[in-house]
Amino acid sequence: MRETDRAVIVTGAAQGLGLACAERFLAEGDRVFMVDVKEEALLAAAKRLGARAVAHVADLSTLGAEGAAGIVAACVDAFGRVDVLINNAGIIVQADFLDFPEDGFDQTIAVNLKAPFLMGQAAGRQMKAQGEGGAIINMSSVNAELAIPNTVAYACSKGGMKQLTAVMAIGLIPHGIRVNAIGPGTIMTDMVRQSVMQSDAARRTILSRTPAGRCGEPSEIASVAAFLAGPDASYMVGQTIYPDGGRMVLNYTVPVPD
Ligand SMILES: NC(=O)c1ccc[n+]([C@@H]2O[C@H](COP(=O)([O-])OP(=O)(O)OC[C@H]3O[C@@H](n4cnc5c(N)ncnc54)[C@H](O)[C@@H]3O)[C@@H](O)[C@H]2O)c1
């Protein structure tokens with residue numbers, strides 16, 4: 001596949017990890033098609049990033065196959081092609097298991113799992129037609145493997161994404177399209193500030209499960225995305241990489257300084 005001036009679709013690009021990925025791919029010399037439902041933040045981010053960043057407002061929770069095809073077609077209109085898709089947009093709903101709302105489950109699966117499936121199909125068809133391969137990166141989570149009792153839908157969506165990544169990878173590698181996933185630990189974004197990091201007790205709990213002694217930065221996830229999309233990852237197919245400060249390999253906890 002191309003190594004420079006790639007056309008990169010990033011979903012959930014208005015802020016957080018998606019915005020960090022957009023910035024990183026622009027710095028690599030690519031063009032970025034930024035998709036998000038938060039219109040104001042998205043337009044402001046794309047404007048700040050300059051002419052090689054194009055904003056596209058879309059709600060992935062009600063996407064449908066036609067909607068996914070429309071996003072890919074809009075990227076082709078803007079850039080002439082699609083070389084990389086980063087399925088990054090995601091939501092988290094928190095409630096105790098017995099109280100977890102049905103609509104929260106449906107909404108989470110729609111954004112976190114069904115939209116990446118539909119976007120993977122639509123982008124995969126475009127990449128196949130182009131005949132030059134491509135890369136698809138799914139933003140998973142350590143919660144693809146680990147469980148938190150008050151985020152059942154999120155954990156299910158990311159567990160599903162592990163298999164979505166595997167199946168997509170095997171289905172698309174005959175066309176030279178490599179599919180892999182990134183499973184971050186706790187990275188300092190709005191999602192984390194507004195969910196798991198709301199108190200000092202929460203901070204201590206998280207750091208007790210983080211041998212690196214700190215949360216990650218969005219740029220530390222974007223760098224893994226850049227690797228997975230690039231030629232250094234030419235033999236990576238169907239894997240989930242966990243940039244998590246050591247959480248997945250930790251049994252029990254580590255001490256947390258005050
Ligand atoms: N931050 C972390 O610690 C962490 C850890 C593991 C995995 N992740 C995953 O990384 C991804 C990005 O997380 P983040 O921390 O940057 O979150 P964030 O909440 O800061 O950003 C998510 C973005 O997705 C967009 N989005 C949400 N629903 C959408 C919809 N229906 N249509 C279009 N866009 C929508 C939001 O508007 C937002 O801009 C998510 O998939 C998340 O599950 C994050």
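Which residue in S3 is the bridge partner of Val35? I looked it up in the model, which is a predicted one. The partner is His56.

**Entry 1: the S2/S3 pair**

S2 and S3 are joined by five bridges and run parallel. I then traced the path from S2 to S3. With H2, the two strands make a β-α-β unit, and its hand is right.

**Entry 2: the whole sheet**

Next I listed the strand order. I read S3-S2-S1-S4-S5-S6-S7, an open sheet of seven strands with parallel pairing. The edges are S3, residues 53-57, and S7, residues 240-241. Each has a single partner strand, so one side of each lacks a neighbour in the sheet.

I checked the S7 end. S6, residues 177-182, runs parallel to S7, and two bridges join them. There I found Ala181 opposite Thr240 of S7.

**Entry 3: helices on the sheet**

I turned to H2, residues 39-49. This helix packs on the sheet and touches S2 (31-36) and S3. I noted an angle of about 170° between the directions of H2 and S3.

H3, residues 64-79, packs on the sheet as well. Its contacts are with S1 (7-11), S2 and S3. The direction of H3 makes about 150° with that of S2.

**Entry 4: the largest pocket**

What is the volume of the largest pocket? I noted about 1200 Å³. The lining has 48 residues. Nearest the centre lie Gly90, Ile92, Tyr154, Met191 and Val192.

H6 gives the largest share, four residues.

I also sorted the lining of the largest pocket by class. I have 24 nonpolar, 17 polar and seven charged residues.

**Entry 5: the second largest pocket**

The second largest pocket has a volume of about 150 Å³. I found 14 residues in its lining. Closest to the centre are Gly216, Glu220, Pro243, Asp244 and Gly245. How do the residues of this lining divide by class, and how many are charged? Four are charged, five are nonpolar and five are polar.

**Entry 6: back to the start**

Conventions: Residues are numbered from 1 along each chain as its sequence is written. This is a predicted model: local features need pLDDT of at least 70, side-chain atom pairs count only at pLDDT 80 or more; totals for chains, interfaces and linings use all residues. Side-chain values use heavy atoms; hydrogens and water are left out. Two strands pair if DSSP finds at least two bridges between them. Contact means heavy atoms within 4.5 Å. Axes are lines fitted to C-alpha atoms, for helices over the stretch in contact, and angles run from 0 to 180 degrees between N-to-C directions. On a 1 Å grid over the protein atoms alone, a cavity is a set of points where a 1.4 Å probe fits but cannot get out, and a pocket is an open set with protein on both sides within 12 Å along at least five of seven lines; lining residues have an atom within 4 Å of a point. Grid points are joined across faces, edges and corners, and a volume is the space filled by probe spheres set on the points. Ala, Val, Leu, Ile, Met, Phe, Trp, Tyr, Cys and Pro count as nonpolar, Asp, Glu, Lys and Arg as charged, and the others, Gly among them, as polar. A crossover is right-handed if, with the strands pointing away from the viewer, the path from the first strand over the helix to the second runs clockwise.
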